[in-house]
Amino acid sequence: MRLMLSATLMVAAVTVGGMGAAHAQLTPPSTAGAKPKTVTTVPIRPALQKPEDTANAMAQAERLALQSDLAWVGEYNGAITGDLSERMVNAIKEFQKNRGGKPTGVLNPQERGALADTARRKQESVGWRIVTEPATGARLGIPTKLVPQLTSDASGAKWTSPTGTVQVLLARRKEASPTTAKLAEQEKKEPAGRTIDYTVVKPDFFVLSGMQGLKKFYLRGTLKGDEVRILTILYDQAMQTTVEPVVIAMSSAFNAFPSGVQAGPPPRKTVEYATGVVVSDDGAIITDRVATSDCIALTIPGYGNADRVADDKDHDLALLRIYGAHGLKPLNIAGQATQTALDVTGIADPQNQGGGAAASSVKASVAQLGGGDQALSPPPALGFSGAAALDGGGKFAGIALLKPVIVAGPANAAPPAQAALVPADTVRNFLKAHGVNATGESADAKSAVVRVICVRK
């Protein structure tokens with residue numbers, strides 16, 4: 001329990017027998033009839049009288065905790081910086097009034113304890129957790145009970161409630177010579193139709209809030225060099241009472257560029273999930289080279305361990321083999337796709353589907369087919385690297401790969417593709433060079449894809 005204001009506690013004059021003066025007569029029973037002794041107690045004057053004096057005497061960490069707790073109980077709606085402000089003192093007074101106390105602006109230990117307990121219960125009610133987002137390395141607070149569903153890719157992450165009434169989005173991108181003022185103006189206009197009722201622009205961050213369609217939104221953006229990271233919280237107006245205290249806490253907890261996090265792609269996970277495409281009935285599987293590198297174990301659920309027998313560093317393809325498998329349904333990779341609108345079929349990371357392992361398809365497109373790796377947009381979810389891409393006619397277009405976003409690099413350089421398509425001809429040539437006779441006849445991509453699990457040290 002965090003306690004404060006011990007310096008402000010005053011020992012009042014002791015009173016006995018209803019006497020209210022500072023001089024009280026103490027008459028022990030054992031000396032009845034004797035002349036009573038008079039003991040004078042001198043009140044100890046508080047060293048600090050004003051709220052601002054009390055707050056300034058507190059440690060920075062305690063002021064931060066106090067502001068955070070006041071925000072969680074819905075009394076404080078300013079930035080949680082630990083700095084003294086009139087808003088903070090007024091928030092204390094409101095909390096005291098709501099509890100039936102005297103609004104002094106200085107909390108006594110009992111009031112401070114009640115505030116801390118109330119804030120803790122509020123945090124527990126929404127499942128408050130501080131998390132590190134893998135693709136960016138950013139740290140942020142997430143109300144996991146409000147937004148339990150997570151989807152993510154190389155460009156960031158999205159947490160949502162089951163009905164979409166609350167959404168939390170973390171995005172990253174690169175821009176040439178960004179400034180917070182320029183970024184704030186861009187975000188005011190995107191998406192179209194935003195109305196802004198609050199704006200703060202500082203050299204290293206900016207904040208916007210207002211309406212986006214029928215939802216309220218709060219946005220906090222920051223930058224480092226040419227890397228931009230933006231946290232956006234969207235919520236229905238009916239959720240305002242529940243969400244607004246959480247919004248303030250999330251803004252305060254958002255650390256877009258934690259110290260010690262190196263610029264560059266995120267490190268490979270200890271356990272990484274990818275998708276493989278079965279291309280022959282004797283157990284040949286094509287998948288992502290990077291997602292299956294440095295593994296101490298490679299597993300295909302339902303079929304056991306797999307061996308990585310070949311790779312193509314130029315196109316980030318890997319060839320796996322499983323042995324003794326039955327009932328495989330290799331995908332037909334013959335023919336030539338003629339459309340740029342594609343169905344990408346893979347198996348998303350378990351975290352993105354509540355621990356499940358179902359195959360699913362998402363829409364994506366490329367600028368053109370053939371002639372080297374192509375950018376794929378929008379990038380599919382984590383776990384889809386190695387997924388099969390087919391055009392609208394069911395023709396094999398290639399293998400989809402997720403590419404980690406590089407943070408470091410020249411400001412004016414074109415950012416790397418967040419997802420790429422390795423064209424069908426490149427895939428077929430790779431397989432042919434390693435003796436794989438891809439004779440699959442199935443056009444059902446969902447029956448031909450498998451989950452690939454890489455375990456690293």
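How many bridges join strand 19 to strand 20? Let's find out on a short tour of this predicted model, in which local features need pLDDT of at least 70, side-chain atom pairs count only at pLDDT 80 or more, and totals for chains, interfaces and linings use all residues. Residues are numbered from 1 along each chain as its sequence is written, and side-chain values use heavy atoms, with hydrogens and water left out.

**First stop: strands 19 and 20**

Select residues 359-366 for strand 19 and 374-377 for strand 20: two bridges join these antiparallel strands. Strands here are DSSP runs of E with at least two residues, helices are runs of H or I with at least four, and both are numbered from the N terminus. Two strands count as paired if DSSP finds at least two bridges between them. Show Val-366 next, and you will find Leu-376 of strand 20 opposite.

Gln-374 has Leu-421 of strand 23 opposite. Both pairings belong to a closed barrel of six strands with antiparallel pairing, in the order 18-19-20-23-22-21. On average, neighbouring strands of this sheet are turned by 40 degrees against each other, direction ignored.

Which helix lies across strand 22 and strand 23? Select residues 424-433: helix 7 lies across strand 22 (396-402) and strand 23, and runs at about 60 degrees to strand 23. Such angles run from 0 to 180 degrees between N-to-C directions, with axes fitted to C-alpha atoms, for helices over the stretch in contact (heavy atoms within 4.5 Å).

Move to residues 128-132 and 139-143, where strand 3 and strand 4 pair antiparallel over five bridges. Trp-128 has Pro-143 in strand 4 as its bridge partner. Between the strands of this hairpin are six residues, and Gly-137 takes a positive phi near 80 degrees.

**Last stop: the whole chain**

Zoom out to the protein chain, with its eight helices and 24 strands. Of its 457 residues, 45% are buried, meaning under 20% relative accessible area with a 1.4 Å probe, protein chains only.

Terms used
Buried < 20%, exposed > 50% of the residue type's maximum accessible area, 1.4 Å probe, protein only.
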